[in-house]
Amino acid sequence: GLAVLAALCAGNRVGGLMVYGLLTCLPMLLLFLVSTLVQPLMFGVEINTDHLEYCWPLAQMTGEEYVDIVTNWPDPYQDAVVQSITPNVRSFVYLGVCAGLGALAVILAGQMYRRRQLECAGELLSVKWLNPLFLVLYALAFGTLCQLLVSLFGDDNLNISLFVGIVLGYYTGLMLLQRQVNVFKLKTVPAAIGLCAAVLVPLMLLGLDVPGIIREVPEENRIVSVSIGSPNDSGAGFTTESREDIAKLRAVHEVQVQSWEDWRSRNLSPLSILESTHNRNLISADAYDTAVFVRLTYKLTDGSTLRRSYRVPVDTEAGQACKAFLAQPENMLGVSSREELLRQSIDFVDSYIYDGYGSHYVAQEDMPGLLNALYDDCEAGKLLPGVFMPGDRSVLYSVSIAPRGNDINIWLYIFDNGTETEQYLKTHLRHNAGGE
């Protein structure tokens, strides 16, 4: 459908290919710009780009899962057993929507063909009013491509390549539309500058946080509850409605915002404003390597939610506060009591532990002891999810506990000397020799 529409919009083969390329690749280019330019400027803010991926049908349709397969592992040493195979309704609905849009594009192309003028043959585009729109989109796409190449083969913070690419795209687009090389005229300069300004100004406003998104910390009386978790771990997260806990987590949020404001006040040059505000630029390399990655999710009185993600140095007061919350059994083990954990122990299969020297496991009869040790260390605040990676340990235990008939794994990095879990593993680990 898009190919037919592109062919009818163009006056020659080159135009048809270029229009088709723009129509199909614009969502991908927009997704790249958001992820490489906008997201790095929004310190702590997570931008959901899932809806943009659905605007790229070619990639989305080929990557869709059209059937849901449910499996389980009755025996950890055997292959998984398929329980059921059911159609994925959402994927087929998306496929139908794409087919409908394709048919609509063909109908639109047919209407354009009826109104097509013969003298447009040979022109880049057959519809004159599309020339300005094509020029703008082509220039932006050309600039994005330049930024993409620089990020792949050079410094991904060199955002000036985007604006160089926009200027080059603007003038090469004029050459294609006017079918001549002599397009470098004084009257074309304001349009090229205006196009760059239309991209630069919003990025500068975001970099300075003029909208106040980065600085937003909800007032305590507006907060119903706060959830703290880590975006990269399998923990269930810890949610609290305690006013004392909310005050502590809100203080962590304020400290992160203040660190951004201090960094921004020292970096106000135009290039610095467009620089990524990733945590690597705000804290030292050593602190970054041993920092804990936290996600705060506020539930507010008006029914809305506010989510922020930060990497907090663990040797700070804010880091210790985060560690105390993240180590709670509700987050680490997904249970609220020791009894609940032990009741589930009969559903656990062998736990495989990788300690840097090979695969090990804890036998079924030793599982209750391991679960008790894990719960004790969680209550004492000695364990953290797998995103916490200390750099001073030669042996790092990575524990995966897989409930029978369930795909959920709990990954823990155990590094504190003297923890109950580590002492238990030292005496109860069994070596898994060749999968036997």
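Trainee: Hi! Which hand does the crossing of α7 and α8 have?
Mentor: The crossing of α7 and α8 is right-handed. As for the term, a crossing is right-handed if the near helix is turned clockwise from the far one by less than a right angle, and left-handed if anticlockwise. Helices here are DSSP runs of H or I with at least four residues, strands are E runs of at least two, and both are numbered from the N terminus.

Trainee: Before we go on, what kind of model is this?
Mentor: It is a predicted model, where local features need pLDDT of at least 70 and side-chain atom pairs count only at pLDDT 80 or more, while totals for chains, interfaces and linings use all residues. Residues are numbered from 1 along each chain as its sequence is written, and side-chain values use heavy atoms, with hydrogens and water left out.

Trainee: Back to the helix pair. At what angle do α7 and α8 pack?
Mentor: About 150°, with the axes 10 Å apart. Axes are lines fitted to C-alpha atoms, for helices over the stretch in contact, and angles run from 0 to 180 degrees between N-to-C directions. α7 and α8 are therefore roughly antiparallel to each other; that label needs an angle over 145 degrees, while under 35 is roughly parallel, 65 to 115 roughly perpendicular and the rest oblique.

Trainee: Which residues of α7 and α8 make the contact?
Mentor: On α7 they include Phe-163, Ile-166 and Tyr-170, and on α8 they include Leu-195, Val-199 and Leu-203. Contact means heavy atoms within 4.5 Å.

Trainee: And which residues touch the most other members in the largest nonpolar core?
Mentor: Among its 38 residues, Leu-125, Phe-134, Phe-163, Ile-166, Tyr-170 and Leu-203 do. A nonpolar core is a set of buried Ala, Val, Leu, Ile, Met, Phe, Trp, Tyr and Cys residues joined through side-chain atoms within 4.5 Å. Buried means under 20% relative accessible area, exposed over 50% and partly exposed in between, with a 1.4 Å probe and protein chains only.

Trainee: Which elements give two or more residues to this core?
Mentor: They are α1 (2–9), α2 (13–41), α5 (89–114), α6 (130–153), α7 (160–178) and α8 (189–207). The largest share, seven residues, comes from α7.

Trainee: What is Ile-166 in contact with, leaving aside neighbours within four places in sequence?
Mentor: Ala-139, Leu-140, Gly-143, Leu-195, Cys-196 and Val-199. Apart from this core lies another, of 24 residues, among them Phe-238, Leu-249, Val-257 and Leu-300.

Trainee: Let's switch to strands. What is the order in the open sheet of four strands?
Mentor: The order is β4-β3-β5-β6, with antiparallel pairing. β4 and β6 (305–313) are the edge strands, each pairing on one side only. Neighbouring strands are turned by 20° against each other on average, direction ignored. For pairing, DSSP has to find at least two bridges between two strands.

Trainee: How many bridges does β3 have with β5, and how many with β4?
Mentor: β3 pairs with β5 (residues 291–300) over six bridges, and three bridges join β3 to β4 (residues 238–240). If you want pairs to click on, Ser-227 has Thr-297 in β5 as its bridge partner, Val-226 has Thr-240 in β4, and Ile-228 stands opposite Phe-238 in β4.

Trainee: Is β3 mostly covered or uncovered?
Mentor: Mostly covered: five of the seven residues in β3 (residues 223–229) are buried. Helix α9 (residues 243–265) lies across β3, β4, β5 and β6, at about 65° to β3.

Trainee: Now loops. Where is Pro-218, and is Pro-218 buried or exposed?
Mentor: Pro-218 sits in the loop between α8 and β3. Pro-218 counts as buried because its relative accessibility is 1%. Leaving aside neighbours within four places in sequence, its contacts include Ile-223, Arg-250, His-253 and Leu-306.

Trainee: What about Gly-303: buried or exposed?
Mentor: Gly-303, in the loop between β5 and β6, counts as exposed, at 57% relative accessibility.

Trainee: Last one: where does Asp-366 lie?
Mentor: In the loop between β8 (359–362) and α15 (367–379). Asp-366 is buried, with a relative accessible area of 15%. Beyond neighbours within four places in sequence, Asp-366 is in contact with Tyr-424, His-428 and Arg-430.
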